[in-house]
Amino acid sequence: MSGEDDSSGWQLTESDPSVFTELLKSLGVPLVVDDLYSLDSGALSTFQPIHALIFLFKWVGSSAEPSSGGQYDLEFPGFFAHQVVNNACATLAVMNAIGNIPDLPKGVQLSDLINFTVGMDPQTRGMVITSADWLREAHNALSPPSAISLEGLGLPKTTEEAYHFIVYLPYMGSVYELDGLKDSPVQHGPYEEKGEGWLAKAREVIEARIATYPPGSLEFSLLALHDDPLPTLQTSLSEAQASGNHAAVEEIMVRLANENSKRERWAFENSLRRHNYVGFIHALLSAMGKAGALDKAKEDAQAKMQERIAKRKEKGEAAMDED
Amino acid sequence: MSTEPRIAFKAGRAFRRENTNWVDPDPTKGAVILQNGEDGLLHFIWKNRTTNDSEEDLILFPSDATFAPVTQAASGRVYVLKFSSSNQRHFFWMQDADSTRDKDFVQNVNRLLLNPEELPVWFTGFPDALGTAAFEEPGTAQASSSSSSAQPAQPSQPAQPGQPGFQFTQEQLNQFQSMIESSGAGANVPPVVELSLTDVLTPANLTPLFTSHPELIQTLFPHLPPDLPSPPTPQTIQQVISSPQFRAAVRNFDQALRTGLLGGLVRGLGLPEEAGTGVEAFLRAIQDQAREGGGGDSMDTD
């Protein structure tokens with residue numbers, strides 16, 4: 001996923017639920033993304049109804065990646081776009097998900113973009129999406145401003161490589177896997193409406209997939225794309241208050257408080273993500289200077305650097321000895 | 001990173017006779033080559049020019065080694081590679097019949113040993129007194145064992161003195177040397193010990209400051225993100241400096257400073273352009289600014 005220098009102006013984003021949720025808000029979509037720590041029914045029921053699961057992973061093994069089962073559906077009539085720019089992978093996964101959720105409220109620009117791509121092949125659709133300036137700007141607003149552009153200076157890359165994103169969702173009675181790096185969506189078979197519905201089938205498919213990787217070779221996360229709970233909670237609260245159900249009122253208020261504090265934490269993180277810290281760095285160092293603390297901090301930092309160099313040399317010599 | 005040779009010159013090895021201070025030159029024709037390895041580190045290689053084998057390959061870390069003249073050697077063309085971290089000594093003697101470029105080679109070796117990112121500087125490509133210059137196309141100079149000297153592949157250098165008879169007087173060399181020294185860009189600039197901004201702006205360094213100098217916290221508020229969900233408090237500053245986003249920004253800025261290209265950007269902070277040339281320079285400039293602008297309180301004490 002790394003190494004592609006042509007980022008076409010798309011910045012690499014973090015793969016945090018707060019980042020995804022912020023993107024959805026800017027697209028005018030009333031959905032929220034949350035981390036899933038397990039696929040068991042308890043965990044899944046917290047966020048019902050779930051519209052899509054996003055599986056993000058980094059393959060750190062050295063042998064060939066195992067195949068994921070299912071069948072390619074070249075006639076898939078829904079929305080599917082190829083990933084044509086690596087850095088856009090998070091937004092592309094979101095598009096592949098929301099493009100297939102029926103009756104979903106959307107902002108005007110998003111509706112227009114999706115409608116414009118009707119009938120296109122996945123590659124063309126991917127290119128059209130990636131060329132949408134407003135979408136790229138919404139995407140880039142989620143990461144630090146590139147006030148200092150280090151692109152093209154040939155510096156060693158210290159940032160993490162992008163995760164790979166795969167969307168699982170129900171479409172016309174079957175569970176589908178949408179992977180922007182594959183030619184077409186993969187159909188994993190039909191599901192039953194009763195009980196957990198499509199999630200039961202998706203659980204099978206995802207667990208089977210995880211099991212095919214050698215232990216320890218896969219870093220992954222699961223995200224649930226679901227309705228924003230706040231409006232529903234507000235309505236329930238009003239109803240419970242109106243009917244004098246104190247137990248229910250208390251329970252709902254606890255849930256509201258938890259959800260709101262999580263959203264405030266997310267808003268804090270996102271505001272930190274968007275910020276240009278050059279002024280702050282300067283102010284901090286000036287404060288250290290005024291307090292007479294800068295010299296010592298400098299000396300300690302120099303000592304730490306020497307230690308690092310010495311350790312690297314040890315490793316270098318050890319490596320030479322092995323020759 | 002390119003693994004092209006960065007400096008190369010004809011040199012033989014010399015070995016200390018056991019238990020004595022005698023160093024005997026080995027007549028084998030060789031070359032000293034400094035180049036970046038696939039491991040991204042600087043390598044000091046001695047190559048046998050007869051067999052074409054690399055018989056020595058030393059990894060060099062910044063500021064770890066120097067290439068110094070052995071003053072007792074009568075010919076004046078013997079040098080020793082010595083390490084600050086060990087007793088290793090490697091002796092070499094210049095094998096190019098033409099000694100006028102010794103100084104250039106040695107100075108450039110030392111520049112690279114100090115900082116592998118440095119670009120070597122060559123002064124023997126200048127036109128002679130008659131105003132004619134012998135320029136060779138870069139990349140055509142070969143490290144051969146015949147008459148011309150081994151030359152580094154330096155695409156940015158238009159002058160490749162490989163022509164026999166292209167002499168440069170010692171006097172002219174001295175003139176250039178004093179020109180470099182007076183402009184402060186030469187080998188007489190004291191070596192800078194590397195440091196990273198990420199080790200300076202640590203919570204461990206910053207938190208005690210807020211307790212001992214609470215008035216300084218006020219100076220930081222204007223620089224916090226403007227769209228925080230609730231009004232900032234001193235606690236907010238703590239949270240920000242411990243956050244992964246801030247740490248990533250410091251790493252990013254540290255890397256940017258190392259490129260030496262932030263002159264324009266730092267002027268926007270009211271600092272001189274020189275402050276954008278490296279981490280050390282940046283810190284020095286801030287120190288100066290704090291001293292001048294500071295409200296009469298603490299100068300640097302420890």
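The model is predicted. In chain A, the residue is A:N270, which lies in helix α9, and the helix is α5, spanning residues 122-130. For chain B, the points concern secondary structure, burial, contacts along the sequence and accessible surface.

**A:N270 in chain A**
- Helix α9 of chain A runs over residues 246-274 and includes A:N270.
- A:N270 counts as buried because its relative accessibility is 3%, and the cut-off for buried is under 20%.
- When neighbours within four places in sequence are set aside, A:N270 is in contact with A:S18, A:V19 and A:E22.

**Helix α5 of chain A**
- The start of α5(A) has a side-chain oxygen of A:D121 within 3.1 Å of the backbone nitrogen of A:Q123.
- Buried residues in this helix are A:R125, A:G126, A:V128, A:I129 and A:T130.

**Chain B as a whole**
- Nine helices and eight strands are found in chain B.
- Chain B has 302 residues, and 44% of them count as buried.
- Of the contacts in chain B between residues at least 6 apart in sequence, 47% join residues at least 24 apart.
- The accessible surface of chain B is about 15800 Å², with 54% of that area belonging to carbon and sulfur atoms.

Methods: Residues numbered from 1 in each chain as written. Chains lettered and ligands numbered in written order. Predicted model: local features only at pLDDT ≥ 70, side-chain atom pairs only at ≥ 80, totals over all residues. Heavy atoms only, no water. Helix = DSSP H or I, 4+ residues; strand = E, 2+ residues; numbered from the N terminus. Buried < 20%, exposed > 50% of the residue type's maximum accessible area, 1.4 Å probe, protein only. Contact = heavy atoms within 4.5 Å. Polar contact = N/O pair within 3.5 Å; in protein donor to acceptor, adjacent residues only side chain to side chain. Areas by Shrake-Rupley, 256 points an atom, 1.4 Å probe, with all protein chains shown as cover.
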